[in-house]
Amino acid sequence: MSILLEMFTYPFIVRAFVVGILVSLCASLLGVPLVLKRYSMIGDGLSHVSFGALAIAMACGWAPLPVSIPVVMLAALLLLRMTERKSMGADAAIAVTSASALAIGVIVTSLTTGMTTDVDSYMFGSILALDRSDVVLSVGLSAAVLVLFVLFYHRLFAITFDESFSRATGVKVGLYNTLLSVLTALTIVLGMRLMGAMLISSLVIFPALSAMRILKSFRGVVLCAGVLSVVCFCVGLTASYLLSTPVGATVVIANLMVFLACCLIAGIRRRA
Amino acid sequence: MDKKVLIDCRDVSLGYEGQALWEHLSFQVKSGDYLCIVGENGSGKSTLLRSLLGLMRPMAGTIEMDRRLRAGAIGYLPQQTRAQRDFPATVTEVVLSGFLSSKGLKFFYTPAEKSQALMHMGKMGILELKDRCYRELSGGQQQRVLLSRALCAAGELLILDEPVTGLDPAAAQDLYRTLHYLNSKEGLAIVMVTHDMQNALRYGTSILHAGHRQWFFGTAEEYLLSPYGKRFGGDRS
């Protein structure tokens, strides 16, 4: 017990808790419509683009977040357009974009600083990466994501469930799709420092998948995904402190365990 | 009594990238009408539907809608998509989403809307399913849920895109009876794209046949006497 209390005496761990809880909450909420709309790959693509942007910013000595936020937002809009135009193989287009962004990032870093621990922390996340300004930014942006999500909850449900019906009844589907991908972009940039570019998309996808296994209503799935995500993050971060494992990977494993447990529950229920 | 004209299509050409699927199309839908749009695949039925819903501009001519319809108050029953079949949502959540069109900048459903949704579910005979999960329902039940949602959106006009596709014969007959009830008892105008010629002729008051660049519009009786009707509806006479 004392070791847990001792954990909170480190300011960097407190920062990680604050940012992580907010980011995992936002990611899981946005994840439900994204997974249901078959947009899961967008999150993955965005995190790779975000890595490329960070690598370039670092090479040029710019502040990472102000550079990567607009770049990733732009990429989000682009990927959304690709996904909407279903004819040209959207999944392939996203895969190509994300691999290219990753390649650019790797080349830029190897030409300038080389593969340092900094780069490693962008790839797989680091608990030490966050400073005070990150915390302030995270709190502000997460609040914006949460408020927009709650206000537009019913519209997001409608466009997720049935785009053509929503379009026909005059809901501005394009606008809300854009909103969804911009919010996702913000969440991914924020979470990337802590979770790492390779692992952040699991924060979007896992909680939604787990919640969908065991619940039947959209509202239930959204709430459950939020709770599961925050719990998994806290458990993962604590475990990573106790076991001295990387925080991003540990959180992903916590999410995986919950997902498997949910599958088990669903399986048992079907038998009964 | 003069019936109100809900849709007035005048000399309309429709198509993609200069290729017209419909030319000089003119027809009207009045309140209480039951119009069935029939024709082969690829003849432009869905294109016409898209322009009636305001999702596509005609290449020439005008489609005039009644003022209340233009505000988005059309009940639309789209073809089901595969994504919906494993969607976690309760019946009530789906039905309520029909009200979004009329919400403007309001963000949440009012108690009046909630009770109206219950009423529509009752009318469709799915009230006892209201807390069930949409993906666990049968195809016929799902269609009733979507129909209730369409009723929440619309007071006067329902537009349906191949509603019986994928339903077993009993469920399809059920759906036709429900539509007939809505049309004759509640005075709802119905526009339906369908391949089911027999039921189109049985229930429809007018028929719009899509051929390639040609079309026929008239009552079901007129249709049977026309060259199109003789080919497609011949088994009835």
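Guide: Start with contacts: two residues are in contact if their C-beta atoms, placed from the backbone, lie within 7 Å. A housekeeping note: this is a predicted model, where local features need pLDDT of at least 70, side-chain atom pairs count only at pLDDT 80 or more, and totals for chains, interfaces and linings use all residues. Residues are numbered from 1 along each chain as its sequence is written, and chains are lettered from A and ligands numbered from 1 in the order in which they are written.

Visitor: In chain A, what share of contacts between residues at least 6 apart in sequence join residues at least 24 apart?
Guide: That share is 76%.

Visitor: What is the average pLDDT of chain A?
Guide: pLDDT is the predictor's confidence in each residue, from 0 to 100. Chain A averages 87, and 98% of its residues score at least 70.

Visitor: Which elements of chain A have the lowest and highest mean pLDDT?
Guide: Elements are DSSP runs numbered from the N terminus: helices (H or I, at least four residues) and strands (E, at least two). Helix H6 (residues 117-124) of chain A has the lowest mean, 75, while helix H12 (residues 218-243) of chain A has the highest, 94. Chain A has 13 helices and zero strands.

Visitor: How does the radius of gyration of chain A fit a compact globule?
Guide: Take the radius over C-alpha atoms; the globule rule is 2.2 Å times the number of residues to the power 0.38. For 272 residues that rule lands near 19 Å, and chain A agrees, at 19 Å. Its C-alpha atoms fill a box of roughly 50 × 45 × 30 Å along the principal axes.

Visitor: Over to chain B. Is strand E7 (residues 189-193) mostly covered or uncovered?
Guide: A residue is buried if 20 or more other C-beta atoms lie within 10 Å of its own, exposed if 12 or fewer, and partly exposed in between, with C-beta atoms placed from the backbone. In E7(B), five of five residues are buried, making the strand mostly covered. B:Ala189, B:Val191 and B:Val193 point one way, and B:Ile190 and B:Met192 the other.

Visitor: Which strands pair with E7(B)?
Guide: Strands pair if DSSP finds at least two bridges between them. Strand E3 (residues 34-39) of chain B runs parallel to E7(B) over four bridges, with B:Ile37 partnering B:Val193. Strand E6 (residues 157-161) of chain B is also parallel to E7(B), joined by five bridges; there, B:Leu157 partners B:Ala189.
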